[in-house]
Amino acid sequence: MRRTKRSIFLLFTFAAILSLLVAACGDDEDDTGGVGDAPVSTSTAAAEADATEPADDDDDDTDAVDAGDGDAEEGRAIWQAQCAACHTIDGGEAIGPTWQGLWMSEVALDDGSTVTADEAYITESIQDPNAQIVEGYSGVMPQLDLDDDEIADVIAFIQTLE
Ligand code: HEC
């Protein structure tokens, strides 16, 4: 008699544990559902990134890459080592134009045209210094062999010099 009662109690205990387990599994399935949702929000983010591009496609593409890649602190170190002799960052005059306020400013060139100091312009100014000469300056900037990462760093640094 006693034994039977006990095993019935045990049975109930088992049933309770089992239903808890089932409930736990149910939760797991919900979690999987959540993971399944993740790619949707990623593509939403991608769509948002795309949405910012149409303004001027190519530049914005490079923009996005460089903004992520460029390290302003590295850029400052490169400036100190290779550029500071000719470029100030505080508006001071030197052999080359100051970098203060350069980012996205309108730069007058010696051929009478103006250009916006964006990613593409700054990159070309570094890779091919004599392609576009800033009005009032001479083409004495040497061709310095910076790789893409270093240029991204320099641009990130220039972006901080508003
Ligand atoms: C020997 C002097 C000299 C050195 C060193 C030098 N530059 Fe220049 N840089 C110039 C001069 C002069 C100009 C303006 C004439 C021209 O556009 O080439 C200039 C122009 C520029 C411009 C365009 C600026 C503007 O206001 O439109 C950028 C960007 C630039 N340099 C980047 C660099 C970077 C980055 C370095 C270091 C890795 C560097 N320069 C080192 C002399 C120098």
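This is a predicted model: local features need pLDDT of at least 70, side-chain atom pairs count only at pLDDT 80 or more; totals for chains, interfaces and linings use all residues.
**Entry 1: Gly 112**

I found Gly 112 in the loop between S1 and strand S2 (114-116). I also checked its C-alpha against that of Val 134, which is 22 residues away along the chain, and got a separation of 9.6 Å.

**Entry 2: the whole chain**

Next I stepped back. I counted five helices and two strands, and in sequence order they run α-α-α-β-β-α-α. How much of the chain is buried? I noted 12% of the 162 residues. I then looked at contacts between residues at least 6 apart in sequence, and 55% of those join residues at least 24 apart.

**Entry 3: around the ligand**

Which residues come nearest to the ligand? I listed Cys 83, Cys 86, Gly 96, Pro 97 and Met 141, out of 28 residues around it. Helix H3 (72-83) gives at least two residues to this shell, and so does helix H4 (119-127). I sorted the shell by class and got 21 nonpolar residues, seven polar ones and no charged ones.

**Entry 4: H3 against H5**

Then I turned to a pair of helices. A packed pair is described by the angle between the axes and the distance between them. For H3 and helix H5 (residues 148-159), I wrote down an angle of about 100° and axes 7 Å apart. That makes the two helices, H3 and H5, roughly perpendicular, because angles from 65 to 115 degrees count that way.

Which residues meet there? From H3 I have Ala 72, Glu 74, Gly 75, Arg 76, Ile 78 and Trp 79, and on the H5 side Glu 150, Asp 153, Val 154, Ala 156 and Phe 157. By class, this contact has six nonpolar residues, one polar and four charged.

H5 has 12 residues and spans 16 Å from first C-alpha to last, close to the expected 16 Å. Its buried residues are Ile 151, Ala 152, Asp 153, Val 154, Ile 155, Ala 156, Phe 157 and Ile 158.

**Entry 5: two residues between H3 and S1**

The loop between H3 and S1 holds Ile 89. Ile 89 has 19 C-beta neighbours inside 10 Å, so I marked it partly exposed; buried would take 20 or more. Beyond its neighbours within four places in sequence, Ile 89 is in contact with Thr 98, Trp 99, Gln 100 and Leu 161.

Met 104 is in the loop between H3 and strand S1 (106-108). What is its phi? I read a positive value of about 65°, although Met 104 is not a glycine. Most residues other than glycine have a negative phi. Met 104 is partly exposed, with 14 other C-beta atoms within 10 Å.

**Entry 6: Asn 130**

Last stop, the loop between H4 and H5, where I found Asn 130. Buried or exposed? With 11 other C-beta atoms within 10 Å, Asn 130 is exposed. Its C-alpha and that of Pro 142, 12 residues apart along the chain, are separated by 8.8 Å.

Terms used:
Residues are numbered from 1 along each chain as its sequence is written. Helices (H or I, at least four residues) and strands (E, at least two) are DSSP runs, numbered from the N terminus. Two residues are in contact if their C-beta atoms, placed from the backbone, lie within 7 Å. A residue is near a molecule or strand if its C-beta atom, placed from the backbone, lies within 6 Å of it. Ala, Val, Leu, Ile, Met, Phe, Trp, Tyr, Cys and Pro count as nonpolar, Asp, Glu, Lys and Arg as charged, and the others, Gly among them, as polar. Axes are lines fitted to C-alpha atoms, for helices over the stretch in contact, and angles run from 0 to 180 degrees between N-to-C directions. Angles under 35 degrees count as roughly parallel, over 145 as roughly antiparallel, 65 to 115 as roughly perpendicular and the rest as oblique. The expected span of a helix is 1.5 Å times one less than its number of residues.
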